[in-house]
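Hello,

I am passing a structure on to you, and below it you will find my notes on what turned up.

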Amino acid sequence: MVLAQLGGSISRAIQQMSNATIIDEKVLNECLNEITRALLQADVQFKLVREMQTNIKKIVNLDDLAAGHNKRRIIQQAIFNELCKILDPGKPSFTPKKGKPSVIMFVGLQGSGKTTTCTKYAYYHQKKGWKPALVCADTFRAGAFDQLKQNATKAKIPFYGSYTESDPVRIAVEGVETFKKENCDLIIVDTSGRHKQEAALFEEMRQVSEATNPDLVIFVMDSSIGQAAFDQAQAFKQSVSVGAVIVTKMDGHAKGGGALSAVAATKSPVIFIGTGEHMDEFEVFDVKPFVSRLLGMGDWSGFMDKIHEVVPMDQQPELLQKLSEGNFTLRIMYEQFQNILKMGPIGQVFSMLPGFSSELMPKGREKESQAKIKRYMTMMDSMTNEVLCS
Ligand code: GDP
């Protein structure tokens, strides 16, 4: 899971507070200071972190809480709400509808992960029943068309581009028309990226946008820029009507928290995050489940989503029925371990389960994690059916 370090530090701070016999002003302050330190390390703006600390202290008035109150829960809830506030732009994004053609245009600086993200976005929707197609209108970077073609072929997604045509507007228009005729309902246009925000890039973006009239413009940004994301997102928003943002490389950068909060401050909804180079290292970004996972509180809706992807169709109704009844037995966990081992990044799935820290499954150590799952399964093999089903 992304931001494993930040999540680990915050949940450890809350855990330490919970371990204290009495939660008084000193214990609360220590916990908040730890969280502050972790957020600043993730490059979240100082002003936001300060505000968060003040708000939590205002909400959690230890003197007013009667002895019967569960202080730990109240504090944890206050931290949860404040983190959500920092990350919530308060604005939903356009969502494409199946069966109705939508044109989605991708913009961003070169190297931000734009081309990779176009394919991830197409692949994600293809798995959910859309009929996506990719158009390469990046005529600036040599090799851009080959890269898109290669990715598209791997994911079995139709694509359009040209080695000889140098006018990106023409390619974009032809590509969109072609795929509309083929009844594709998600036509994704990849545009040129440049090294920095320069007039020529913005002008080209404007022209492609005018000619294709996209339903949504997605701005792709690299998370390593941290707080600087604010200026970059603003600059793109001013040139073309950016409707959503995808933040990439959340797997490798400690500054991801800063990038996410800075984008939220521009009132642009982040819709997905990139968590690796592979096609399926791509996650829906939803503020509440994201914060919930960050605090080790799980993400049931994300978990359900994954179940739909990996559990055979005929077994789904029974499993969902049991889960909706709160019936999460060791037997179910065992069966899900079997399913999880069949699929890609297991860390993603694990962080969705309450109580499982993302640090349990650090990236790059998936083999080790898989071995750990197999060990858990061997331990479960020695349990009686009664224990597994209780
Ligand atoms: P573009 O110039 O913006 O189109 O960028 P590319 O799609 O070519 O990506 C640049 C590099 O970033 C490539 O090596 C990608 O594999 C890599 N990349 C893209 N997204 C991610 C991500 O979420 N995580 C990681 N670790 N690498 C990524």
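**What I found**

Let me start with Arg37, which sits in helix 2. Helices (H or I, at least four residues) and strands (E, at least two) are DSSP runs, numbered from the N terminus. This is a predicted model, in which local features need pLDDT of at least 70 and side-chain atom pairs count only at pLDDT 80 or more, while totals for chains, interfaces and linings use all residues. Residues are numbered from 1 along each chain as its sequence is written.

Arg37 counts as partly exposed, with 13 C-beta neighbours inside 10 Å. For that term, a residue is buried if 20 or more other C-beta atoms lie within 10 Å of its own, exposed if 12 or fewer, and partly exposed in between, with C-beta atoms placed from the backbone. Between Arg37 and Leu341 there are 36 Å, C-alpha to C-alpha, and 304 residues in sequence.

Phe337 belongs to helix 14 (residues 330–342). Phe337 is also partly exposed, having 17 other C-beta atoms within 10 Å. Leaving out residues up to four places away in sequence, Phe337 touches Ile373, Tyr376 and Met377; contact here means that the C-beta atoms of two residues, placed from the backbone, lie within 7 Å.

**The chain as a whole**

The chain has 17 helices and eight strands. Of its 390 residues, 40% are buried. Among contacts with a separation of 6 or more, 75% come from residues 24 or more positions apart.

**The sheet**

Strand 4 (186–191) is mostly covered, with six of its six residues buried. Leu186, Ile188 and Asp190 point one way, and Ile187, Val189 and Thr191 point the other way. In a regular strand the side chains alternate between the two faces of the sheet. Strand 4 pairs in the parallel sense with strand 2 (residues 132–137) over six bridges, and Ala133 has Ile187 as its bridge partner. Strand 4 also runs parallel to strand 1, joined by five bridges, with Ile104 opposite Ile188.

Strand 1 (residues 102–107) is joined to strand 5 by four bridges, and these two run parallel. Met105 has Val217 in strand 5 as its bridge partner. Strand 5 (residues 216–222) in turn pairs with strand 6 in the parallel sense over five bridges, where Val220 is partnered by Ile246.

Strand 6 (residues 244–248) has five of its five residues buried, so it is largely enclosed by the rest of the structure. Ala244, Ile246 and Thr248 point one way from strand 6, while Val245 and Val247 point the other way.

**Helix 1**

Helix 1 (residues 4–19) has 16 residues and reaches 22 Å from its first C-alpha to its last, close to the 22 Å expected at 1.5 Å a residue; the expected span is 1.5 Å times one less than the number of residues. Its buried residues are Leu6, Gly7, Ile10, Ser11, Ala13, Ile14 and Met17. They cover an arc of only 150° around the axis, which puts them on the same side of helix 1; the arc is that of the directions from the helix axis to the C-beta atoms. Covering these buried residues are, among others, helix 2 (25–41), helix 4 (71–87), helix 10 (256–265) and helix 11 (287–294).

**Two backbone angles to look at**

Most residues other than glycine have a negative phi. Asn183 has a positive phi of about 60° although it is not a glycine, and Lys249 likewise has a positive phi of about 60°. Are they buried or exposed? Asn183, in the loop between helix 7 (168–181) and strand 4, counts as exposed with 10 C-beta neighbours inside 10 Å. Lys249, in the loop between strand 6 and helix 10, counts as buried with 24.

Best wishes

Methods. Pairing = 2+ DSSP bridges.
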